[in-house]
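Please look over the sequence and the structure before reading on.

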Amino acid sequence: MDDIVLTLPYNGTAPTGGDSLIQNLNVYYESGDIAWMLAATALVLFMVPGVGFFYSGLARRKSALSLIWVTLMAVGVTSFQWFFWGYSLAFSHSAGKFIGDLSNIGFRNVLAAPSVTSKRIPDLLFAVYQGMFASITVALAVGAVAERGRMLPCVIFMFIWSTIIYDAIACWTWNPAGWVSQMGGIDFAGGTPVHIASGSAALAYSLMLGKRRGHGTHELNFRPHNVTQIIIGTVFLWVGWFGFNAGSALSANMRAVMAALNTNIAASVGGVTWCLLDYRLERKWSAVGFCSGVVAGLVAITPGSGFVPPWAAVIFGAVAGSSCNYATKVKFYLGIDDALDIFAVHGIGGFVGNMLTGFFAADYVAHLDGFTMIPGGGISGHWMQLAYQLADSVSGFAYSFGGTCLILLFINLMPGLKLRASEEAEVVGMDDAEIGEFAYDFVEFTRDVVNGGDMLDDDSKFSADRDSPTPNEKAFSSTVGDDPHRSR
């Protein structure tokens with residue numbers, strides 16, 4: 001019994017929560033809460049390679065590695081940005097309605113005081129956890145560079161976008177001082193800051209880059225090059241999303257359990273729904289369709305996972321699977337080459353999730369953590385909640401889309417920072433042109449065995465000591481498009 005430490009109400013006044021040299025700062029928090037949130041942080045980070053594998057499998061073989069690289073780089077850049085000033089801009093205790101201040105720049109005074117959104121965990125733990133959210137949001141958005149975007153401008157974009165766009169939306173949504181929070185909008189784990197923001201940013205990035213070479217012709221084959229990678233990425237995301245949604249309860253409690261249950265139900269129903277819709281047209285049981293539906297369900301349930309009952313999660317999954325499936329056609333009407341359908345799944349899925357949350361939110365589910373009080377959603381007679389959700393969603397889309405266009409326009413005007421790769425680089429692939437490495441060893445095997453070793457090492461101006469995985473495409477002739485599988 002002597003080893004038991006009882007938690008005490010926090011009574012400190014210091015910004016750091018106290019002096020660890022003379023105080024035991026652990027007495028204010030449950031060790032179980034801290035352990036769960038550390039695990040949830042790791043689970044969210046686990047989602048990033050999931051995004052990379054998912055995007056890589058959807059793309060063509062010659063640009064597969066570049067998409068894994070750019071999602072991992074998003075973690076590196078955004079993690080530094082978050083430490084430097086991102087966390088302060090989003091979650092400082094003295095934030096304004098639209099963005100925070102720099103009182104916590106460089107994690108200054110971020111230690112053991114209760115976090116700005118929950119007294120159950122300290123500032124430092126909350127900051128690390130939310131840093132993973134910022135990282136994966138950027139990783140989702142930059143998939144828009146697929147097959148024609150240069151890496152250097154994209155890396156610079158990551159830092160600027162996370163500062164101007166993500167930090168502001170996170171502040172107004174989740175910081176108690178934010179205008180959406182004060183208005184009464186509810187978003188459990190990121191319908192607007194993560195999904196609508198990243199989806200609309202990807203749409204804007206695709207617009208600013210322009211269409212891929214051969215878009216709209218038989219030259220550009222849209223079939224994913226590696227379905228196995230897509231499945232692996234989906235599994236990573238599905239597992240990691242438990243930390244994403246259940247972790248957003250910010251402690252180990254019944255609300256976290258409910259969020260985990262809703263997450264799994266929506267993902268499952270979303271996958272089955274999308275798969276059935278594809279079967280209706282193709283009479284094939286598409287693995288890619290199932291995986292896309294799983295992600296759509298996960299996206300939609302994100303804002304509502306800690307607010308709605310389990311039976312509503314079935315509706316979330318079905319509506320998200322169908323609406324995101326049909327939304328993949330939107331890019332053709334808009335004339336925008338969203339190569340990986342990021343807007344259809346995350347932008348539309350996030351909007352659907354926000355609105356369904358406004359309708360199905362239940363006061364008793366929110367109060368499973370013991371302290372959150374909401375009036376409920378439209379189904380409880382609180383119809384104004386739908387207006388709050390709509391205002392949040394539309395403002396998030398407009399700010400992210402418009403802001404992303406302006407950021408990219410500015411970057412593209414800078415010397416040496418042209419957003420789009422050259423035509424020759426696009427033909428040989430981003431792996432050769434931008435990374436200098438390839439996703440598959442078969443590249444060297446093809447050069448040395450299939451081609452009889454007759455290709456010169458200096459044929460590629462990009463990698464110098466190795467050939468392009470698609471050496472025959474370097475000649476800009478009319479025969480490039482004759483075989484739609486040539487680049488795969």
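Are α4 and α14 roughly parallel or roughly antiparallel to each other? The model is predicted. The axes of α4 and α14 cross at roughly 155 degrees, and the two helices are therefore roughly antiparallel. The points below take this pair, two further pairs and a pocket in turn.

**α4 and α14**

- The axes of α4 and α14 come within 10 Å, and their crossing is right-handed.
- From α4, the residues in contact include Pro153, Ile156, Trp161, Ile165 and Trp172.
- On the α14 side, Asp392, Gly396, Tyr399, Thr404 and Ile411 are among them.
- This contact divides into 14 nonpolar, six polar and one charged residues.

**α6 and α14**

- Helix α6 spans residues 191-209 and helix α14 spans residues 384-413.
- Their axes come within 8 Å and cross at roughly 40 degrees, which means that α6 is oblique to α14.
- α6 passes α14 in a right-handed crossing.
- Residues of α6 in this contact include Thr192, Ile196, Ser200, Leu203 and Met208, and those of α14 include Asp392, Ser393, Phe397, Phe401 and Leu409.
- The contact of α6 with α14 has 13 nonpolar, six polar and one charged residues.

**α3 and α6**

- The axes of α3 and α6 come within 8 Å and cross at roughly 25 degrees, so α3 is roughly parallel to α6.
- This crossing, too, is right-handed.
- Phe133, Thr137, Leu140 and Ala141 in α3 meet residues of α6, including Pro193, His195 and Ala202.
- By class, seven nonpolar and three polar residues take part in the contact of α3 with α6, and no charged ones.
- Ala201 of α6 is listed in the contact with α3 and also in the contact with α14.

**The second largest pocket**

- The second largest pocket holds about 710 Å³ of space.
- Its lining has 30 residues, and Thr117, Trp174, Arg255, Phe307 and Thr372 lie nearest its centre.
- α3 (123-141), α4 (151-174) and α14 each supply at least two residues of the lining.
- The largest share, four residues, comes from α3.
- Of the lining residues, 16 are nonpolar, eleven are polar and three are charged.

Conventions
Residues numbered from 1 in each chain as written. Predicted model: local features only at pLDDT ≥ 70, side-chain atom pairs only at ≥ 80, totals over all residues. Heavy atoms only, no water. Axes fitted to C-alpha atoms, helices over the stretch in contact; angles between N-to-C directions. Parallel < 35°, antiparallel > 145°, perpendicular 65-115°, else oblique. Left-handed = near helix turned anticlockwise from the far one by under 90°. Contact = heavy atoms within 4.5 Å. Nonpolar A, V, L, I, M, F, W, Y, C, P; charged D, E, K, R; others polar. 1 Å grid on protein atoms, 1.4 Å probe; cavity = no way out; pocket = protein on both sides within 12 Å on 5 of 7 lines; lining within 4 Å. Points joined across faces, edges and corners; volume = space filled by probe spheres on them.
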